[in-house]
Amino acid sequence: MDLRPLRALVEVVRQGGFSQAAKTIYATQPTVSKAVRQLEDELGLPLLDRQAQPVRLTEAGEIVYRRAVAMLAERDDLYAELDDLKGLKRGILRLGLPPLGSSSLFAPMFARFRSRYPQIEISLVEHGSRRLEEMVMAGEVELAASLQPVPDHVEWQPVAREPLMALLPADHPFAHAESVGLADLRESPFILFETGFALNRILHDACQRAGFTPAIAARSGQIDFIVALVAAGLGVAFLPRLKARDALPAGVCRVPLRDPGTDWEMVLVWRRGGYLSHAAQAWLALTREEHPGVS
């Protein structure tokens, strides 16, 4: 079976439509549509409900999509393993990092990695942790940073563990407390990251344990904008200590969060049983050097 129609189907589902999928795989929309239609003709079953917005998989499409993701990942493993076998002097590390925390934890590593392996190119993508986990399983990236807990189908290596800090407007009743619990903040609107950021799930689960569901005032993927919304009095937000200790604008106070089970634990993940290139193994080794002693 030609894998190109499978790639087209996978991207249509991931991107939510044919036009965005075409941009992702550098093809025209009619080409992508034709590839999916040919796949449907070959299998004798409709794979997409084209009337839905965004398009949805049919029952048969769910099966094909799941198998297609696995097949594409195996193809990428094959190429990577053969490249290592041939002893290529040049290589590519396909790495996924989330916006939150990566500048502090990984930016200094890029220069050291480059000095050790000057002919290895780093192909970097940035998304929320949950999207990055999907990309790992699809073989689009070899390694990605995510937050604990991670799914069983990935292996992982610890990077950093940080407590969460609550960011509160200066006039908030707990703005100058030594610590604060989520239950103390149940009447305050929450400012969260966009959907796909694993920190949201940590906070949601902790709020459920505290007996409430927070009201959401806003979501953003930009830390600076979230902090500005706190300063404007829109609500409260949360950051790991390594980011919360950065300079904050006037009108924002940081207070340690004391709820158990809310530590921000960043790890590097890769597909369980998948092949790791020499470049990926070198990045993992450098991470252990840069961030030792995390358990």
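I began with the second largest cavity, whose lining consists of Pro98, Leu100, Gly128, Ser129, Leu147, Phe197, Ala198, Leu199, Trp264 and Met266. For the terms: a cavity is a set of points on a 1 Å grid, over the protein atoms alone, where a 1.4 Å probe fits but cannot get out, and a lining residue has an atom within 4 Å of a point.

I noted that the model is predicted: local features need pLDDT of at least 70, side-chain atom pairs count only at pLDDT 80 or more, and totals for chains, interfaces and linings use all residues. Numbering runs from 1 along each chain as its sequence is written, and side-chain values use heavy atoms, without hydrogens and water.

I read a volume of about 60 Å³ for the second largest cavity; a volume is the space filled by probe spheres set on the points, which are joined across faces, edges and corners. Helix H8 (198-209) and strand E12 (264-271) each give at least two residues to this lining. Helices (H or I, at least four residues) and strands (E, at least two) are DSSP runs numbered from the N terminus.

I sorted this lining by class and got eight nonpolar, two polar and no charged residues. Nonpolar covers Ala, Val, Leu, Ile, Met, Phe, Trp, Tyr, Cys and Pro; charged covers Asp, Glu, Lys and Arg; the others, Gly among them, are polar.

I then turned to the largest cavity, which holds about 110 Å³. Its lining has 13 residues, with Asp77, Val141, Glu142, Arg271 and Tyr275 nearest the centre. H4 gives the largest share, three residues. By class I found six nonpolar, two polar and five charged.

How values were computed. 1 Å grid on protein atoms, 1.4 Å probe; cavity = no way out; pocket = protein on both sides within 12 Å on 5 of 7 lines; lining within 4 Å.
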